[in-house]
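Please read the following walk-through with the sequence and the model side by side.

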Protein chains: 2
Amino acid sequence: MYRRPDVLLEIDTSNNCKVHVDGRTLSFGHAAVGLVDVLHRPLTVSEAVRRVRSRTGGQLDTRDVMTDLVGLVHAGVLDTRPRLGFSPRPWPAGGYDSAYVHLRILNDRRRKGAFVAAVRETVRPGDVVLDLGSGSGILAVAAAQAGARKVYAVEPSGMIGLSEAVAEANGVGDRIEFIRDWSTRIELPEKASVLTTDLVGNEPLDMKIWETLTDARQRHLRDDARMVPASFRSTARFYRVPGSYLSAHRGAPADVATWNDWYGIDFSPLVDQDDRAWIGTYERPEVIRDWPTASDEVAVYECDLASDVKPFEVVTAPVDVEAGANAVVLSYRARLGPGTEFDADPRKGGADSHWYTAVWLAGRAAGPVGPRARVEYRYRGDGSSGLHVRRVGGEAQ
Amino acid sequence: MYRRPDVLLEIDTSNNCKVHVDGRTLSFGHAAVGLVDVLHRPLTVSEAVRRVRSRTGGQLDTRDVMTDLVGLVHAGVLDTRPRLGFSPRPWPAGGYDSAYVHLRILNDRRRKGAFVAAVRETVRPGDVVLDLGSGSGILAVAAAQAGARKVYAVEPSGMIGLSEAVAEANGVGDRIEFIRDWSTRIELPEKASVLTTDLVGNEPLDMKIWETLTDARQRHLRDDARMVPASFRSTARFYRVPGSYLSAHRGAPADVATWNDWYGIDFSPLVDQDDRAWIGTYERPEVIRDWPTASDEVAVYECDLASDVKPFEVVTAPVDVEAGANAVVLSYRARLGPGTEFDADPRKGGADSHWYTAVWLAGRAAGPVGPRARVEYRYRGDGSSGLHVRRVGGEAQ
């Protein structure tokens, strides 16, 4: 018996808890927290019950513990073996268990092909490879094909069973060990000489690659380990977004009049408030491609994944901005391998891209942006970021 | 000091925990669970520390408790007052704190106008109204404008400050009490005679309206309370989805050949597995509108929100299906008020709709659907659902 690694608990005052799993929320009694806790590694049922009871001084009735245990098994929180295969539930509720996301990833040849090429030029015969978030298994299989002696492929979702089958189908199943867990929770029997991962989100750090690799460097990797990707250079560029796009994403005085007409209600406070700050959204590259640019690209930070320097504190240089600029589009270039770079510029992406691009939109009350401005983009840690635009020599916008 | 109501905890073996908040994950020591627990209602700092220490028999050092407390305040998990205003973070990370979702909702006149009309025809002078998930405040303000003596507007997100300002701007701020919390956690000083809510998702029950209203009926509402909405009638209809759409969402043998060409890796297990079951996705109504239908509509369940009958166990009648059917589209009609219905049929929705429609797609290995089939759509509880299609007289597909 073991627990799935990605369980979220919502605990109430009486130590009962709700478990959030696969988009559902299920309620359990006061033994559930202990069961989820002790079964983070496989145990027999009797040993799990013994440990849960002993930690409360034996005050928990065995039947109460078993009731929660059976409920957690029924809910898929505890299981006797990893579940195989896709989730049939609608995306995005299925997360990385969902077929759809992996089809999108594999059909994004420009990006995924670059990662595969980088793995092939980085992995040497005899390497030990750690592949984080192995998904369909593509980078793990490519590493094994490139001659890796051993690949540890870590993936918390139910895709793990299918990626094992993919490895078998490609004749490298004996050299890849698939581990259904988070890399921050496991111990490996040896240190890896190469790390491969596509834990790269809409913004390069928003899937916590920096935090995850900081842990991996300390515990799973040799000091001289090679990394795919090796570094990011993150940039910002001003754009002129069409008014229709802006008004679909931000409140406008005309909206207040329309809503008043439709509903007989004055929503001006909502629009006034929304008008003050820059707000973020994600957009498809093929939409952004049609917008005019209003500045050169300006670097906002560089992040070397082989070092432990925090990329959080870097602030940009000033940039010349054309009149009418009302949006900042973030992009990045990833150094994937010695001879392979991936450029996430949305003007190079299209409908095949399975990623979105971060766009920050100005509020009307912020005033005009140019002719010179400073973009302050800050990675706050744990996947979260913030953006401010300042007029050079002027106040914050 | 109080805690925000929507905190998720991920607890490790040593009772340290990670707190998931606003899309970030933050780590805390062994006092954090206790603090999150006791501060579900406002307490002074000293009282919170006292309670956390006493529940462990005083074994926790006060400094350790204060360290976690300060960290939780810094993370926005604990606060001295509700935060006001929108989140500037990119959608969807901002959730219902994000401006974008409320603009989308207000710009969806067909749907939101029907809810407002139903509130206006349901609320009578002197009513006490409970509005769940008040968002921008639109239904609460409409209820006050219709003569409600008192409106309790419950909303867990940071929108609550703005909805208060909207109520003030409309001259009804003195009759609406905004409560930043979940309705399942609060006590009201009186029972309500009307419930209003737009807690209606892509599928009518997927935002847990049934569970939430079951609780509200028992604790917050008079026995004869009127409800907006009052009931749902959920339906399914077979469609013929274009091959290009299907292959973008499901693996196909041609994809296996393409991926092998691009990556030198055989992904046939992935496509084989994906081919067996029906899988779900959400799609925009304006996309579905262009697909040919392949059957009549068939009712899958009816759900009366004024009763406590579970809608979970209902299975459909058989339906005649035309050749080539490869998808099931779910829809519903909501009875909002005595004279107001909202029909979520995607063929009536367009780009103004802020909702998606649930679509289930057949796998090739499932075989042909018709000429007669049975749709088994099951609401599983807690927002989750599943779908099976069976040939009438034949085996499961």
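In this predicted model, B:Asp68 has a relative accessible area of 7%, under the 20% limit, and therefore counts as buried. The residue belongs to helix 3 of chain B, which spans residues 62-74. Which residues is B:Asp68 in contact with, leaving aside its neighbours within four places in sequence? They are B:Phe28, B:Gly29, B:His30, B:Ala31, B:Ala32 and B:Leu35.

B:Met159 is also a buried residue, with a relative accessible area of 0%. Its place is the loop of chain B between strand 7 (150-154) and helix 7 (160-169). From B:Met159 to B:Asp64 the separation is 95 residues in sequence, and the C-alpha atoms of B:Met159 and B:Asp64 are 33 Å apart in space.

The next topic is aromatic packing. Over all chains, a search of the whole structure gives 16 aromatic pairs. One of them is formed by A:Phe232 and A:Tyr332, whose ring centres are 5.8 Å apart. The planes of these two rings stand at 85°, and because an angle over 60 degrees counts as edge-to-face, the pair is put in that class. The pair links distant parts of chain A: A:Phe232 is in strand 11 (residues 231-239) and A:Tyr332 is in strand 15 (residues 327-337), 100 residues apart.

Are A:Phe232 and A:Tyr332 buried or exposed? A:Phe232 has a relative accessible area of 2% and is buried. A:Tyr332 is buried as well, at 3%.

On the side of chain B, 78 residues are in contact with chain A, and on the side of chain A 78 residues take part. The two chains bury about 6400 Å² between them, and carbon and sulfur atoms account for 62% of this area. How many residue pairs are in polar contact between chain B and chain A, both at pLDDT 80 or more? The count is ten. Helix 4 of chain B (residues 99-107) supplies six residues, the largest share of the side of chain B that touches chain A. Sorted by class, that side of chain B holds 37 nonpolar, 20 polar and 21 charged residues. For salt bridges between chain B and chain A, the count is zero.

Definitions and conventions. Residues numbered from 1 in each chain as written. Chains lettered and ligands numbered in written order. Predicted model: local features only at pLDDT ≥ 70, side-chain atom pairs only at ≥ 80, totals over all residues. Heavy atoms only, no water. Contact = heavy atoms within 4.5 Å. Buried area = accessible area lost by both parts, 1.4 Å probe. Salt bridge = Lys/Arg side-chain N within 4 Å of Asp/Glu carboxyl O. Polar contact = N/O pair within 3.5 Å; in protein donor to acceptor, adjacent residues only side chain to side chain. Helix = DSSP H or I, 4+ residues; strand = E, 2+ residues; numbered from the N terminus. Nonpolar A, V, L, I, M, F, W, Y, C, P; charged D, E, K, R; others polar. Phe/Tyr/Trp six-rings, centres within 6.5 Å; stacked < 30°, edge-to-face > 60°. Buried < 20%, exposed > 50% of the residue type's maximum accessible area, 1.4 Å probe, protein only.
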